[in-house]
Amino acid sequence: MGAAEKATDVVVVGAGVAGLACARDLLEGGVGVRLLEASDEVGGRMRSDRVEGFVVDRGFQVFNTSYPQVRRRLVLKDLGLRPFTPGALVHGPAGRLRFSDPTRRPRTLPDLLPGRLAGSRDLAALGVLSARDMLLPARRLKRTADTTARTALAQAGISDDLVERFFRPFLSGVFLEDELVTSGRVFHLVWRSMLRGTLCLPAHGVGAVPRALAGALPTGTVRLETPVEQLTGAGVLTAGGREIPARAVVVASGPGAVASLLPDVDLPAYRVVTTYFHVAPRSPLGEPTLLVDTRRRFLNTCVLSDVVPEYAPAGHALIATSVLGHDVEGRESRVREALGEAYGTGTDDWQLLTVRTVEDALPAMAPPQPLSRTTRVGAGRYVCGDHRATGSVQGAMASGARAAREVLRDLHR
């Protein structure tokens, strides 16, 4: 074993948003913290890269302004947020139909006229569902009996026709599964967050979010390119062979590292998603709107440069399209064919910029889904992340906050 470094109160392993939130709360609680990150930048799955002058997030992601943890920890105006259109375009046999929120954009009200996207009974049921989810206290929604999202929609009076026409293709991109087997409680909370907040992207990529969290920490708190090889009786041992003693260790890494460092922790299955980034000479849409497909040949697609012009150099359009699973031979060409039909344009002059596959994009959240779980896994050992709460930025940060509370409580004992 290598030489030991100076001891600290708590070592946090992993500088994703859960680890960053945990470290901040621990520091505010008056304890010493060292945050170790294996990669060369903070963020974990929430990172952005520069590829040939384009901003490429690690898979397609959106940022929701309504999350309580987000509003508590970030100055939103500093992120240069650019909004998506509230709603989505749905490509189906009748062409493209718009599903929009007329309370935010009254001029879109005719899009919801009975007979276009849904019938009058469905529109009434949707209005009741949305009003209930938006106005009820979150604690009430959390206490409802849990079932699948599909059953929750049926219980709300939404017909199978509207589920297949809108909710299934739209929610497939939210939960990264296309059978609507995700927790109904999670669905209601997510629907609430969309109604109450704005979906947007930071001007310099979604990686600006963890960078802002890291920037609020004291200099020297985060140590990059420092993978942890194992936990020891005294603290942690880095891959470089140096032991860092600590009174407590919080593992805030992805599922692979959690399984390696804390093999007894029960982890859910994770959804795999692949995103194709295409470059076109002009936007095939001309508006910052998400487009989904009723045939579910892709999860969703959007022209990122319509949302945030800074994502692409002048004179180019950047299109992101996500699909479930891995990139396999021939899949990109099939996706491109579907995109040509959905956007109503030729794609021969589109160039494939890059492909991003995220193995651990989102934890599976089958009912009954616990919305928060203790982070304690042993004496002086804790684990946090979206797998301990809900698969979202809110869930990850909330889990990090809970880990900090439990660590502080135990240390002060």
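## Before you start

This is a predicted model, where local features need pLDDT of at least 70, side-chain atom pairs count only at pLDDT 80 or more, and totals for chains, interfaces and linings use all residues. Residues are numbered from 1 along each chain as its sequence is written, while side-chain values use heavy atoms, with hydrogens and water left out.

Helix and strand labels come from DSSP runs (helices are H or I with at least four residues, strands are E with at least two), numbered from the N terminus.

Leu176 is not a glycine, yet it has a positive phi of about 55°. Then there's the peptide bond from Pro367 to Pro368, which is cis, with omega near -5°. Pro368 is found in the loop between β18 (351-363) and β19 (376-378). Here's the background: most residues other than glycine have a negative phi, and most peptide bonds are trans.

## α7 and its partners

Start with α6 and α7, which pack at an angle of about 90° with their axes 12 Å apart. (Axes are lines fitted to C-alpha atoms, for helices over the stretch in contact, and angles run from 0 to 180 degrees between N-to-C directions.) That makes α6 roughly perpendicular to α7; the cut-offs are under 35 degrees for roughly parallel, over 145 for roughly antiparallel, 65 to 115 for roughly perpendicular, and oblique for the rest. Phe166, Phe167, Phe170, Leu171, Val174 and Phe175 of α6 meet Val186, Phe187, Val190, Trp191 and Met194 of α7, where contact means heavy atoms within 4.5 Å. By class, that's 11 nonpolar, no polar and no charged residues. (Ala, Val, Leu, Ile, Met, Phe, Trp, Tyr, Cys and Pro count as nonpolar, Asp, Glu, Lys and Arg as charged, and the others, Gly among them, as polar.)

Now for α3 (residues 120-135) and α7 (residues 184-196): their axes come within 8 Å and cross at roughly 85°. That makes α3 roughly perpendicular to α7. The α3 side of this contact includes Leu126 and Asp133, and the α7 side includes Trp191 and Arg196. This contact has seven nonpolar, two polar and four charged residues.

## A pocket

The second largest pocket is lined by 28 residues, and Phe99, Ser100, Asp101, Trp191 and Leu195 lie nearest its centre. (On a 1 Å grid over the protein atoms alone, a pocket is an open set of points with protein on both sides within 12 Å along at least five of seven lines, and lining residues have an atom within 4 Å of a point.)

Who supplies the lining? β8 (95-100), α3, α6 (160-175) and α7 each give at least two residues, and α3 gives the most, with six. By class, the lining has 18 nonpolar, eight polar and two charged residues.

Methods:
1 Å grid on protein atoms, 1.4 Å probe; cavity = no way out; pocket = protein on both sides within 12 Å on 5 of 7 lines; lining within 4 Å.
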